[in-house]
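Reader: Hey, I've just opened this one. Can you walk me through it?
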Amino acid sequence: GCSLTVIELDGKFYPAFPVDNLKNYRTLPLTDDDVILCAYPKSGTHWLWEVAMMLRQGKAETIPFKKSLQMVEFNSIANMAEYPPPRVFNTHVLYEDLPSEAHARRSRLVLVYRNPKDVAVSLYNHHRKLSQYYEYEGTFADWLEMFLDGRVDYGSWFDYVKSWEKVFYSDAPNPVHLIKYEDMKENPVSEIKRLAEFLGVTPDPELIKKIADKCEFSKMAEDKKPHQEHTEIMFRKGVVGDWKNTFTVAQSEAFDAILKERMKDCKLKLQVRYTL
Ligand code: A3P
């Protein structure tokens, strides 16, 4: 059928996380030292979170637990206190939905983004393969309609990107560092170096190279297996341009037209090459 199972709260859609946590994440306590990695689902969150944690810990060692443990909307006030600094939380919620302390403390934010067509194919596979949670068995064509309408967990990609305009055009902006998935694939060493500068750490060039190698797709997929659930879905292909294997030409053209229309007033121009 043309729907999938999500939790709806105040008009927003979430995956099946503990409902009390979904209701309360905006009140979670943070410290001035916390960093929050923000991304629409399937844009490279696991990858960049691993890199950011390694940079903050100053060593190229696999983080021995799953990423969702440090996911804002997955947590309760009680578990937050258990995570020792230096901390990197991650989240898929809109900018305005971040915990109010992230705004009040002007927390450092890292925003990861990716070609929305690759995001769409990755999220479609996520929904289809995690059928025990999402109960989606329809076609890509039906699913694409839901994605374009924002009837998926975390809502529409367009609204997600638009929510980030506010941080760049606000009077008291959070410091934000943008990372594009495609740039990280093309030149991980220079992207990791840029991220290190933002995080205020000064790793030697050898460590940066080690982190890039340790977080290379197949290495990271293998190393995370003992610590992360559903690794075959979270680490599916890890390539740029895989959308071409799933979209038809007509779907791609329709997507381009909708994208152009939906983003025409968006002041935040992400450097996404839509037709790769
Ligand atoms: P694909 O489904 O296109 O392979 P997120 O972590 O935000 O859920 O994003 C998941 C996507 O990032 C998946 O995309 C996954 O394979 C890819 N990914 C995960 N780790 C990666 C890595 N180390 N390098 C490149 N891509 C990675």
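Reader: Which backbone atom of Gly-44 lies 3.1 Å from an oxygen atom of the ligand?
Author: A backbone N or O atom of Gly-44 does, at 3.1 Å from that ligand oxygen. That's a polar contact, meaning a pair of N or O atoms within 3.5 Å. Bear in mind that this is a predicted model, where local features need pLDDT of at least 70, side-chain atom pairs count only at pLDDT 80 or more, and totals for chains, interfaces and linings use all residues. Residues are numbered from 1 along each chain as its sequence is written, and side-chain values use heavy atoms, with hydrogens and water left out.
Reader: What about Arg-236 and the ligand?
Author: A polar side-chain atom of Arg-236 is 2.8 Å from a ligand oxygen. With Gly-238, a polar backbone atom lies 2.7 Å from an oxygen atom of the ligand.
Reader: How much of the ligand's accessible area does the protein cover?
Author: 99% of the 570 Å² that the ligand has on its own, by the Shrake-Rupley method with a 1.4 Å probe.
Reader: How many residues surround the ligand?
Author: 17, where one counts if a heavy atom lies within 4 Å. Among the closest are Thr-45, His-46 and Lys-237.
Reader: And by class, what's in that shell?
Author: It has 7 nonpolar, 6 polar and 4 charged residues. Asp, Glu, Lys and Arg count as charged, and Gly is among the polar ones.
Reader: Which helix gives the most to the shell?
Author: α2, with 3 residues. Both α2 (45-57) and α13 (217-224) supply at least two each. Helices here are DSSP runs of H or I with at least four residues, and strands are E runs of at least two, numbered from the N terminus.
Reader: Switching topic, which peptide bond is cis?
Author: The one from Pro-85 to Pro-86, with omega near 0°. Pro-86 is in the loop between α3 (77-80) and β4 (88-91).
Reader: And what's the phi of Lys-42?
Author: It's positive, about 70°, although Lys-42 is not a glycine. Lys-42 lies in the loop between β3 (35-39) and α2.

Technical notes:
Polar contact = N/O pair within 3.5 Å; in protein donor to acceptor, adjacent residues only side chain to side chain.
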